[in-house]
Amino acid sequence: MSRPTALSVRGVSKRFGLNEVLRDVDLDLEVGEIGCLRAMSGAGKTTLLRIIAGLERPDTGTISGARPGDTAMLFQEDRLCEALTAVENVAFVHPDRRISRSAIRRDLAEILPDHGLDRPVRQLSGGMRRRVSLACAMHYPGHLLLLDEPFTGLDPGTKEVVARYLRERSRGRTVLAASHGEQDAELLGARTLRLSAGDGWEPRGPEEAEKT
Ligand SMILES: Nc1ncnc2c1ncn2[C@@H]1O[C@H](COP(=O)(O)OP(=O)(O)OP(=O)(O)O)[C@@H](O)[C@H]1O
């Protein structure tokens, strides 16, 4: 028996001036499912995520299942408090104000080296900052997680570690991730959702995505 639908996108279109970015996009994710949006650069992945998050208005179409206050988002650019450490950044967004710093350290230590935990994040490398941003998104409350390019700046080995962290931390939540990488859907255990020009998003299995 299939699980209930968590997110439903129907007939979403969006243009910026003459640039038609999304045309009649349909997409469904079940509760607890991970979907991976695959498309060329500029095809509208970020625009679609922003529309789902309520940050951009579609020209046509409807979204159900993305409620304000119940949706966490990893933005394409890192949005961190630069003077705070990695641990402090996560504590800042964590819903449990009493969470101990040591609990956050243990969590972050799964994806960051020790020397990255207690320095202001402005001193960290791009890939380390990305991991801090991802941890913040994973700890932000919300049944729906929207992740725009979660693996930016990560080497293949680190990507695997981060994908495992992401799968474990998102358990039970519904995730929609936009990604460029060939293997990313597989790493995430995700269903591939692929844009074919003009037709909207087509759900496809990971094995089909391999061939593209
Ligand atoms: N606010 C905006 N005003 C005008 N054009 C925009 C705006 N936001 C996005 N676009 C255009 O919409 C198109 C899709 O952009 P979008 O960032 O959604 O693509 P993407 O698939 O996420 O790309 P990438 O993989 O490179 O991040 C691009 O041509 C972009 O220039």
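Is phenylalanine 151 buried or exposed? In this predicted model, phenylalanine 151 has 26 other C-beta atoms within 10 Å and is therefore buried, the cut-off for that class being 20 or more. The residue is placed in the loop that runs between strand S6 (144-148) and helix H5 (156-169). Leaving aside residues up to four places away in sequence, the contacts of phenylalanine 151 are Lys159, Val162, Ser179, Gly181 and Asp184. For one of these, valine 162, the C-alpha to C-alpha distance from phenylalanine 151 is 7.9 Å, at a sequence separation of 11 residues.

The surroundings of the ligand were considered next. The shell around the ligand consists of Phe16, Asn19, Val21, Ala39, Ser41, Gly42, Ala43, Gly44, Lys45, Thr46, Thr47 and Gln76. Two or more residues of this shell are given by each of strand S2 (19-30) and helix H1 (45-52). The greatest contribution is that of H1, with three residues. Sorted by class, the shell holds seven polar residues, four nonpolar residues and one charged residue.

For helix H2 (residues 86-93) and helix H4 (residues 126-139), the angle is about 25 degrees and the axes are 8 Å apart. H2 is therefore roughly parallel to H4, as angles under 35 degrees are classed in this way. The crossing of H2 past H4 is right-handed. On the H2 side, the contact is formed by Ala86, Asn89, Val90 and Val93. On the H4 side, Val132, Ala135, Cys136 and His139 take part. Among the residues of this contact between H2 and H4, six are nonpolar and two are polar, while none is charged.

Definitions and conventions: Residues numbered from 1 in each chain as written. Predicted model: local features only at pLDDT ≥ 70, side-chain atom pairs only at ≥ 80, totals over all residues. Near = placed C-beta within 6 Å. Helix = DSSP H or I, 4+ residues; strand = E, 2+ residues; numbered from the N terminus. Nonpolar A, V, L, I, M, F, W, Y, C, P; charged D, E, K, R; others polar. Buried ≥ 20, exposed ≤ 12 C-beta atoms within 10 Å, placed from the backbone. Contact = placed C-beta atoms within 7 Å. Axes fitted to C-alpha atoms, helices over the stretch in contact; angles between N-to-C directions. Parallel < 35°, antiparallel > 145°, perpendicular 65-115°, else oblique. Left-handed = near helix turned anticlockwise from the far one by under 90°.
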